[in-house]
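Okay, thanks for making the time, everyone.

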Amino acid sequence: MAEMGSKGVTAGKIASNVQKKLTRAQEKVLQKLGKADETKDEQFEQCVQNFNKQLTEGTRLQKDLRTYLASVKAMHEASKKLNECLQEVYEPDWPGRDEASKIAENNDLLWMDYHQKLVDQALLTMDTYLGQFPDIKSRIAKRGRKLVDYDSARHHYESLQTAKKKDEAKIAKAEEELIKAQKVFEEMNVDLQEELPSLWNSRVGFYVNTFQSIAGLEENFHKEMSKLNQNLNDVLISLEKQHGSNTFTVKAQPRKKAKLFSRLRRKKNSDNAPAKGNKSPSPPPDGSPAATPEIRVNHEPEPAGAATPGAALPKSPSQPTESPAGSLPSREPSAAEGTFAVAWPSQTAEPGPAQPAEASEAAGAQEPGETTASEAASSSLPAVVVETFSATVNGTVESGSGAGRLDLPPGFMFKVQAQHDYTATDTDELQLKAGDVVLVIPFQNPEEQDEGWLMGVKETDWNQHKELEKCRGVFPENFTERVQ
């Protein structure tokens with residue numbers, strides 16, 4: 001009989017709860033449709049918004065704090081492994097082995113102490129702080145349900161009072177249910193109205209205490225760790241003094257094409273060297289200079305009947321077959337053309353010596369198309385040199401290829417500064433001191449460039465000589481750092 005009675009009570013309670021849920025659902029539908037008014041408390045709703053924001057911030061802080069602790073633990077493990085590696089490579093006969101071992105032990109204890117204090121003074125406090133939110137959150141939800149019950153009871157009581165046929169017994173019962181629902185709601189509402197603002201204001205003190213604890217613990221940890229690191233540094237300095245000759249040095253990458261490049265460079269220099277037995281051009285009998293006369297551009301109007309550029313110049317009946325030294329047929333092109341000049345070297349001049357590397361570099365610095373005396377005298381055949389300058393087309397000046405900056409070497413790409421001293425091991429390499437600035441230029445033949453090596457000229461050498469052939473060379477890139 002007792003079992004039947006308990007089952008009946010349980011069934012009755014379930015039925016009562018189902019009826020309450022149906023009544024609440026019906027009341028919410030009527031409120032959303034606007035057929036029933038809803039009791040609102042804007043002050044309480046603001047408190048609920050603050051509560052949700054506070055809960056979100058606290059949850060994020062807890063998550064980030066756990067991540068921080070996981071990182072501290074990972075750093076502890078990494079530091080421990082690093083110290084173990086040091087102990088393995090530290091040979092027994094080296095000075096300071098016992099001190100290094102003691103430092104490693106203290107390092108491990110310091111990490112463990114730091115992690116444990118973070119857990120006790122930050123994480124556990126954080127867990128306690130967030131532990132009060134679930135209960136308050138459930139009470140806020142329950143208050144919302146009781147508010148719906150109160151509105152439903154109020155609407156039911158008002159509908160009975162406004163009915164045409166009044167039933168006093170039902171009205172009295174409805175009034176009793178309304179008073180009961182109102183009492184339950186107001187009790188919960190009053191408690192939350194006091195707790196929520198207090199909880200919201202407590203966040204400031206909690207944040208201050210939490211971050212002060214973390215900052216203080218981290219400060220002490222780094223102070224103690226700094227002392228251990230200084231002690232370890234002293235031990236390693238004593239080891240370095242005893243074995244100072246075995247200092248680690250920065251090394252350049254090996255050059256696979258170094259020998260080939262040096263061989264090509266030596267061949268080029270030998271080709272540019274003066275040949276034995278060559279004599280300088282002899283002066284003509286009348287004593288005038290034998291060098292090719294300097295080319296000048298005639299800006300006078302073009303004479304009628306002038307030949308077109310590139311066409312053979314017609315011989316004048318009075319013109320001799322061989323032009324004497326110093327004479328030069330010339331013409332002025334039209335405004336839409338470039339400017340060209342024809343140089344006829346003396347037939348009586350003997351071939352002169354080849355220019356050295358310095359002279360070749362100076363010749364390379366001339367404007368494109370200029371003819372030097374050595375080039376004109378190096379061949380017995382007539383030489384036709386076409387030189388392009390700015391031309392005027394329809395009243396507009398058209399520029400040619402353009403010259404580079406005079407204060408930088410041709411093909412300049414960027415600047416680097418040497419971070420370490422480098423001793424050249426071949427004739428085509430640059431000798432570097434830490435602090436030297438190098439102007440990087442491209443390789444004449446890209447196939448000669450080795451990986452990790454650059455071509456350049458030291459800025460001081462370039463400013464002094466302005467000659468690439470004399471100053472340029474290769475250097476390891478890992479010894480330098482780009483500055484421009």
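**Cysteines, cores and salt bridges**

Let's start with Cys 471, which is buried at 7% relative accessibility, where buried means under 20% relative accessible area, exposed over 50%, and partly exposed in between, using a 1.4 Å probe and protein chains only. Cys 85, on the other hand, is partly exposed, at 40%. And how many disulfides do we get? The count is zero, taking a disulfide as a pair of cysteine sulfur atoms within 2.5 Å.

Quick housekeeping: this is a predicted model, so local features need pLDDT of at least 70 and side-chain atom pairs count only at pLDDT 80 or more, while totals for chains, interfaces and linings use all residues. Residues are numbered from 1 along each chain as its sequence is written, and side-chain values use heavy atoms, with hydrogens and water left out.

Okay, the inside. In soluble globular proteins, nonpolar side chains tend to be buried together. By nonpolar core I mean a set of buried Ala, Val, Leu, Ile, Met, Phe, Trp, Tyr and Cys residues joined through side-chain atoms within 4.5 Å. The largest one here has 37 residues, and those touching the most other members are Phe 51, Leu 118, Met 126, Phe 133, Ile 136, Ile 140 and Leu 196. Helices H2 (42-89), H3 (97-131), H4 and H5 each put in at least two residues of this core. Helices here are DSSP runs (H or I, at least four residues), strands are E runs of at least two, and both are numbered from the N terminus. There's also a second, separate core of 22 residues, with Ala 418, Tyr 422, Leu 432 and Phe 443 among them.

Zoom in on Met 126. Skipping neighbours within four places in sequence, Met 126 contacts Gly 58, Leu 61, Gln 62, Leu 65 and Phe 206, a contact being heavy atoms within 4.5 Å.

Ser 152 is buried at 15%, and beyond its sequence neighbours within four places it contacts Thr 23 and Glu 27.

On to charges. Side chains of opposite charge can pair when their charged atoms come close. How many salt bridges are there? Eleven, counting a side-chain nitrogen of Lys or Arg within 4 Å of a carboxyl oxygen of Asp or Glu. Take Glu 195 and Arg 139, at 2.8 Å, N to O. That pair links distant parts of the chain, with Glu 195 in H5 and Arg 139 in H4, 56 residues apart. Both ends are partly exposed: Glu 195 at 31%, Arg 139 at 21%.

For a local one, look at Lys 223 and Glu 219, 3.5 Å between the closest N and O atoms. Both lie in H5, four residues apart, about one turn of the helix.

Last pair: Lys 415 and Glu 459, at 3.0 Å, N to O. Lys 415 is in strand S5 (414-418) and Glu 459 in helix H9 (459-465), so this bridge ties together parts 44 residues apart in sequence. Lys 415 is buried at 16%, while Glu 459 is partly exposed at 23%. And shared partners join Asp 135, Arg 139 and Glu 195 into one salt-bridge network.

That's my tour. Over to you!
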